[in-house]
Amino acid sequence: MRRSIVRWLMGLGAMVALSGCVAADKQTSETAPAGSGQAYAGWYMQHAGQGTFQLCGQSQPLQVSAPADLPARARAFGLDEDTPIYVRVTGSVSGSEIAVSRVDQFGSPTPVRNCAMNGVVIPAPTGQ
């Protein structure tokens, strides 16, 4: 009897967890207007006037081809060059570039624990 109650509770917990994932996915797709792109979270950084965006947990940064208002927000924030800041954006990725159509969040008031930054390497300056 006790084993069947434990199984029932585990099954109920799994159903609640899965329904939360479906609700979160549905909410994300409903809040983004059609044709505006996909939501991305990661680390934005500026180096030598060029913005890069590194998706959470990815090692390869993307070049920001269309920045929306990321540079203006970086200036207003006082972001130093080569300093990463957590952002959430809406846009589209093509190859090694991201075109940002909207900045949803710039910075975070609390530490970001669920967005790993892997393999950060600042490229050497090119010969001038």
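A search of the whole predicted model identified 1 disulfide. This bond joins Cys56 to Cys115, with an S to S distance of 1.8 Å. Distant parts of the chain are linked by the pair, the two cysteines being 59 residues apart. Cys56 lies in the loop between strand 2 (50–55) and strand 3, whereas Cys115 belongs to the segment after strand 5. The torsion about the S-S bond of Cys56 and Cys115 is about -95°, and the disulfide is therefore left-handed.

The two partners were also examined for solvent accessibility. Cys56 has a relative accessibility of 26% and so counts as partly exposed, since this class covers values between 20% and 50%. For Cys115 the relative accessibility is 4%, and this residue therefore counts as buried.

In soluble globular proteins, nonpolar side chains tend to be buried together. In the present model, the largest nonpolar core comprises 15 residues. Those with the most contacts inside this core are Tyr44, Val87, Val89, Ile98 and Phe106. At least two core residues are supplied by each of strand 1 (38–47), strand 3 (62–66), helix 2 (70–77), strand 4 (85–94) and strand 5 (97–106). Strand 5 provides the largest share of this core, namely 4 residues.

The surroundings of Val87 were considered individually. When neighbours within four places in sequence are left aside, Val87 is in contact with Tyr40, Ala41, Gly42 and Tyr44, as well as with Phe53 and Leu70.

Notes. Residues numbered from 1 in each chain as written. Predicted model: local features only at pLDDT ≥ 70, side-chain atom pairs only at ≥ 80, totals over all residues. Heavy atoms only, no water. Core = buried A, V, L, I, M, F, W, Y, C linked by side-chain atoms within 4.5 Å. Buried < 20%, exposed > 50% of the residue type's maximum accessible area, 1.4 Å probe, protein only. Contact = heavy atoms within 4.5 Å. Disulfide = S-S within 2.5 Å.
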